[in-house]
Structure formats: C-alpha cells, structure tokens
Amino acid sequence: MKKRIFYILDVFAEKKYAGNQLAVFRNAGELSGEEMQHIAREINFSETTFILSDEQNNNGFDVRIFTPKEEIPFAGHPTIGTAKVIQSFILQGKAEKVVLNLKAGRIPVTFDPDGYSWMNQIRPVFGQQHGPEPLAKIIGVDVSEMDTRFPIQEVSTGLPFFIVPLKDIAALQKARIDQEMYFEYIKNTEAKGILIFSPEPHEPQNHISVRVFVDYYGVPEDPATGSGNGCLAGYLVKHRYYGQDSIDIRSEQGYEMGRPSLLLLKARQQDNGIDIFVGGKCVMVAQGEFV
C-alpha cells in the first residue's frame, strides 16, 4: 500500500486532548472496503474516515466512515472533523461550506468565524417506543430514576439511537451497560446505540448532559456523538421537552471518560419536519503518513 496522508483531530473539543478522536485519510479511493476496515481497526478510534478523492463529485466530497467493526452510513463527529480537514487542507481555508457525500446522503457543513463548524443533519425519523423496565435493566438504573414523563424512543437522522431520559446527573453517572442483556435486546431493534441524558449539566453554562453507549459498533462508550445528539435535538423538540417548538442548547458529553466534549444543538419544528443543526469545534492533533 502506498503512503497515505492522514490527520488526527479532536472533535467537539474546546481544547486539545478532549472531545472525540478522529483519523481522516485523503485520496483513499484506491483502497478496498476491506482495507479501510483493517485501517479503522488498527487506529481503533470510534470512527475513521476516508476521503476518496481531493476532487469534488457533484459539488461534494465522497467520504466513507468506519468504526472498528463495520462501515456506517453516517456519524456526527466524523462529518464535522472530515469537513474541517477538507476546508483546511484540500481547499486551503477558502470555503465557508463543504458538502460530504455519505452513504446516508449529502450533509452540508458550514464554518463560523468563531471556530465552530455546523452540520445540517437529515430530518429525524421517529421509530418504536420502548417500555422503561428493559432499558433500565440494560443501563443499570432504577425505573424510578428515569423521567417517565417522556418516552424511550428510537430516533434516526441517518444512524438510529435509543433516546433515554433520566431525572438527574446521579443516574447518568451510575449507568453501566449489561452486555448480555444489551446484545439480546438489540437483536430485534433498528437502533443499536443508546443515548441517555439528564437535564443537569456538569458545567453551569451548559444545559444538558449526555452519555452514549455503542458496543454494537465496537465502542463501549463514545466521548462525543454528533449523530446521537442530533437525534436528541429532534426528540427534545418533538416531545416539547422544554415546552417549545425549538431549542438552542449546549450539550455535554464525555465527562465520565475524562474527555469533556461540547456539542451545540439547534432544532426547530417546521411544517414538514424538524430542522437540526449540530455544531462544535475541531482541534488538530497530528498529521502523518500511513506506510
């Protein structure tokens, strides 16, 4: 395999060595899917992305996303981070907007002068609702610690998640996945990832705290999940969690892992669906060659 340039970034990070790690490879179109999977497993981050060419296709860049276990159609922090690599290194910082052609569809990412990047996610699809008892057992909390005013529901903006509301941060922090029960339960569900959230943040300037478990994809816990937080944003609007048809909030994740992350969530109910925007910063950590 010829040498290939790659970059490592921390995404949804306010500083280096926080947020969610991402490896991005350029000019990867000659690699087979099997080779990409081997590289993703070697890197062993939550996701690794492959920009197939430095040239645009239909006014966008073709990108594939791999977890350590398999290819996925969409993920949030890989979208933000890959777009930032394209803007910074392929387009030399001259673009205010980059479009990624993903398996889930075309995702636009825009860049603000304050350093935040924003992706406009696909409008959410709301799937099956679930009773609290089985999910409480899977995540290791009592049903009394769940906020049963709101449903546990599968939601997708390209990658489906269970959205599980909890009452407080103590319940969020104690959660632990029962692997056997988890894998048995998801045999019959579209969603494989579990997002739990609390209205109590770690930092007073933020609004909500989140944890995400995605063992199915080889990632026991994810420090920053743009796709899952996009689903959460749609959920909060649909179920009027804040009593209104729009949100503009700061979501925390990764604190329990020692990688604090910040995701900005904006969503608004429209006549034909819910518009969702997820924003965050990217910090470059390394650049090198795979040999």
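Arginine 211 counts as buried, at 4% relative accessibility, where buried means under 20% relative accessible area, exposed over 50% and partly exposed in between (1.4 Å probe, protein chains only). Its side chain meets that of glutamate 221 in a salt bridge (2.9 Å, N to O), a term that stands for a side-chain nitrogen of Lys or Arg within 4 Å of a carboxyl oxygen of Asp or Glu. The pair links distant parts of the chain, with arginine 211 in strand β13 (residues 208–214) and glutamate 221 in strand β14 (residues 219–222), ten residues apart. Glutamate 221 is buried too, with a relative accessible area of 16%. Helices (H or I, at least four residues) and strands (E, at least two) are DSSP runs, numbered from the N terminus.

This is a predicted model, in which local features need pLDDT of at least 70 and side-chain atom pairs count only at pLDDT 80 or more, while totals for chains, interfaces and linings use all residues. Residues are numbered from 1 along each chain as its sequence is written, and side-chain values use heavy atoms, with hydrogens and water left out.

The structure holds eleven salt bridges. One of them joins lysine 174 and glutamate 145, with the closest N and O atoms 3.2 Å apart. Lysine 174 sits in helix α4 (residues 169–174) and glutamate 145 in the loop between α3 and β10, so the pair ties together parts that are 29 residues apart in sequence. Lysine 174 is partly exposed at 37% relative accessibility, whereas glutamate 145 is buried at 19%. Arginine 149 and aspartate 147 also pair up, at 2.8 Å between the closest N and O atoms; here arginine 149 is exposed at 67% and aspartate 147 is buried at 7%. Arg64, Glu71 and Lys103, meanwhile, are linked in a network of salt bridges.

Now for the helices. In α1 (residues 33–43), Met36, Gln37, Ile39, Ala40 and Ile43 are buried. They cover an arc of only 160° around the axis (taken from the directions from the helix axis to the C-beta atoms), which puts them on the same side of α1. Glu34 and Glu42, on the other side, are exposed. The cover over the buried residues of α1 includes β2, β3 (47–51), β4 (61–66), β5 (71–72) and β18 (282–290). Threonine 67, in the loop between β4 and β5, is buried with a relative accessible area of 1%. Leaving aside residues up to four places away in sequence, threonine 67 touches Gln37, Ala40, Ser46, Glu47, Ile72 and Tyr217, contact being heavy atoms within 4.5 Å.

Helix α3 (residues 132–139) has Leu135, Ala136, Ile138 and Ile139 buried. The buried residues of α3 fall within an arc of 165° seen down the axis, so they line one face of the helix. Just after α3, glycine 140 takes a positive phi of about 80°.

On to the domains. The assignment, automatic or from a database, gives domain 1 (4–120 + 281–290) and domain 2 (125–278). Their C-alpha centres lie 24 Å apart. The two domains bury about 2,100 Å² between them, 59% of it on carbon and sulfur atoms; buried area is the accessible area (1.4 Å probe) that two parts lose on being put together, summed over both. Phe12, Phe74 and Trp118 supply 30% of the area that domain 1 buries against domain 2, more than any other three residues. The count between the domains is one salt bridge.
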